[in-house]
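Open the model in your viewer and keep the selection panel at hand. The tour goes stop by stop.

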Amino acid sequence: MKKRFLWTIFGFSVMIKAVRKPMTLFRLFEKPPTYIRESEMEALSKNQIPSWLKLDHAAIIYPPTTSRRIAAMFRLSVSLDHTVDKDILKAALQNTLRRIPSFGYRLRQGLFWWYFTRLDAEPEIKDDANNPMLRIDEKRNRYYLFRLRCYENRIALEVYHALADGTGGLTFLMTLTAEYLRLKCNDPIEYSDIVLNPSDAPDPEEYEDSYIRFSRKAGAMEQSTRAYHVPGAEEDPHILNLITGKIPLDELKSTAKAYNCHITSFLCAVMIDAIQQIQEENAQKKHPIIISVPVNLRQFYPTKTLRNFSSYLFVGIDPKLGHYSFDEIVSQVSGQMSLLATEKRMNAKMTANVQMTNNIFFRAIPTFIKKPILSVGELLMGDRCCSNSLSNLGYVSLPDTLEKHIDRLNFMLGRPRAKPGSTTCVGYGNNLYITFSRKIKETDTEKYFFQKLVQLNIPVEIESNHRS
Amino acid sequence: MSYCVNCGVKLADSEPVCPLCQTPVINPNQPTDTHRAYPDHMDRFPQKHINRMFVFRLAWLVAGIVSATFLLCDFFTAGSIGWSVYVVLGVLFIGSVASAFCFASVYAAVILSAGCTLALLAIIAWMNSGWKWFVYLAAPFTLILGVLFFVCILTIKKKIKSLLRGIAVCLLVCAVALIAIEILTDLYGGQLVHLYWSIYPCVPISVIAIGLFILSFNKKLLAEIKKRTFI
């Protein structure tokens, strides 16, 4: 009897294996190679890059919200001290992709989830455009989810957000730039956390899903309400208006210090003040002014992952309660930041996300049904709940060997889905580069933002992608 | 290096006007051949690639299988072919119309569709020996609908200077078509032409059409509506 039972189990397991292997659609039933335990890390050979990867828990939201015209993209660029040589850049890109293989994947739709499969083709280098971060044409881009662009002395990397976050993108771009400079100028390069050595083997921890590793048991989603959106006439879908302000860091730091807050809180306060001014001029019914601030979770957890590992928090004011002076806004924002940007809060949010996506009933919903559910959910809980976003990549400190060739850095986000615009900033050298990307024609937010900085005796230099 | 006299910000040399407030830069010492921050080239959206021939072949294969199944079922159950002819005719009709829209221009497709409809109705009339309803009702009705679709597609595709004006013309044509249909049914029933039911939809449709036509000239109001209603 026992023997017959064992033979039946064996027969079933063979049948299941025979069915499962050729069916790529059911790959989710296989063991996920994204999160690798320490004991397994050694077992994984250095050259053994997974043929497919699950999307990380933050990336899950991006494929359902991607349409033919809108995709969550971000862009990082470096301006060098000389004109870029495309052939050398191509060689550098190949070396960088070998070192950071998580960028060499294409997105596929499975029966229950989206997933990445490895690519072998060589990516192309494109010319820069006036309207960057347009949705990638996968076929023309050889299915890569990033686009490398080149314009005079500038190298720009545009990344689909499902692939990596700002820190991952920055590491890729800096490694690429260092490799390019090594090949071009033959200079010795000093490697660091964000400048990886292309001759090293890729570390499996670099493409793990750190959300699973660090999430705990108690999850809590943040309550969110409808936020005020600056009104404006929408541009054609392929147009993105960009305005970049170059601000001296010393003066910005000293002003923020005078208000007893960090630079991010100070910039958020200036933005809220600008939006409050617009709301008072235009709207009769007052809605809360809320800024979404992405938080890099690497500051709380020891991980080397180059994929998405960030969360966000909402800070803002409720103008229904009356007019807020600038001092009041700064103290509100600063207080909310210190209250919300803690490891415990961030972990609760991260855990809630992991718990939701691990729910067996949610997992069992086919992709074609999951797509509209997630899309509507993102619309209601994402852009609808914030007036603008301020993504601060932080200060980028580079080794001297690299810094002498790099004049400036820039970071920007693509066309937002529902809110009128988004804002990003990055510090490099003695400057902070803050970029407003917007889909509306009106420039009121940027105008009041920069005018406020000028009023506070902080000089600003402006450039844009104006069309002739 | 110039400053905006309105905003007080420093402007990059490549900026001919202040990007924040559109105030022109007047600086005689400004260099003329400046480095632009972004090139003029604009990216375009990815094109949708539809293999029309594959869709066409697949549609006809499915239609063939469906027709054959119905014919066989009819033959084996009744011993002769009767009702299944109508199913086959219907499938042929849908296939022809879909093929016309797949390969011909939209105007030719509308004319071909009207022709197919007439042919289908004529065959049904011939099979049932009922030419009267075809000649006096079905054929004119099909022609009216064909003309209506043709005019609507023409006005919307050509936009007649503005989309709103195109929609207004389409609505007016719809109102006229409704009146024509009522006249046609009255004549077929052997009654005197007396406009009764077509007046009720025609009046609001005409009012909306005239409203849209007037609105299309007020660009300021249109911009304001667009501004307030964008999502």
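This is a predicted model: local features need pLDDT of at least 70, side-chain atom pairs count only at pLDDT 80 or more; totals for chains, interfaces and linings use all residues.

Residues are numbered from 1 along each chain as its sequence is written, chains are lettered from A in the order in which they are written, and side-chain values use heavy atoms, without hydrogens and water.

**The core.** Select A:F146, A:I155 and A:M174. In the largest nonpolar core, of 73 residues, these touch the most other members. (Such a core is a set of buried Ala, Val, Leu, Ile, Met, Phe, Trp, Tyr and Cys residues joined through side-chain atoms within 4.5 Å; buried means under 20% relative accessible area with a 1.4 Å probe, protein chains only.) Helix α4 of chain A, residues 166-185, gives the largest share, 8 residues. Domain 1 (33-214) and domain 2 (241-464) of chain A both contribute, so the core lies between them; the domain bounds come from an automatic or database assignment.

**The helix.** Step just past the helix to A:N186, where phi is positive, about 60°.

**The interface.** Show chains A and B together. Contact (heavy atoms within 4.5 Å) involves 48 residues from chain A and 32 from chain B. Finish on B:D43 and A:R149, whose side chains form a salt bridge at 2.2 Å, N to O. The rule (a side-chain nitrogen of Lys or Arg within 4 Å of a carboxyl oxygen of Asp or Glu) finds 1 across this interface.

Note on methods
Buried means under 20% relative accessible area, exposed over 50%, partly exposed in between (1.4 Å probe, protein chains only). Helices (H or I, at least four residues) and strands (E, at least two) are DSSP runs, numbered from the N terminus.
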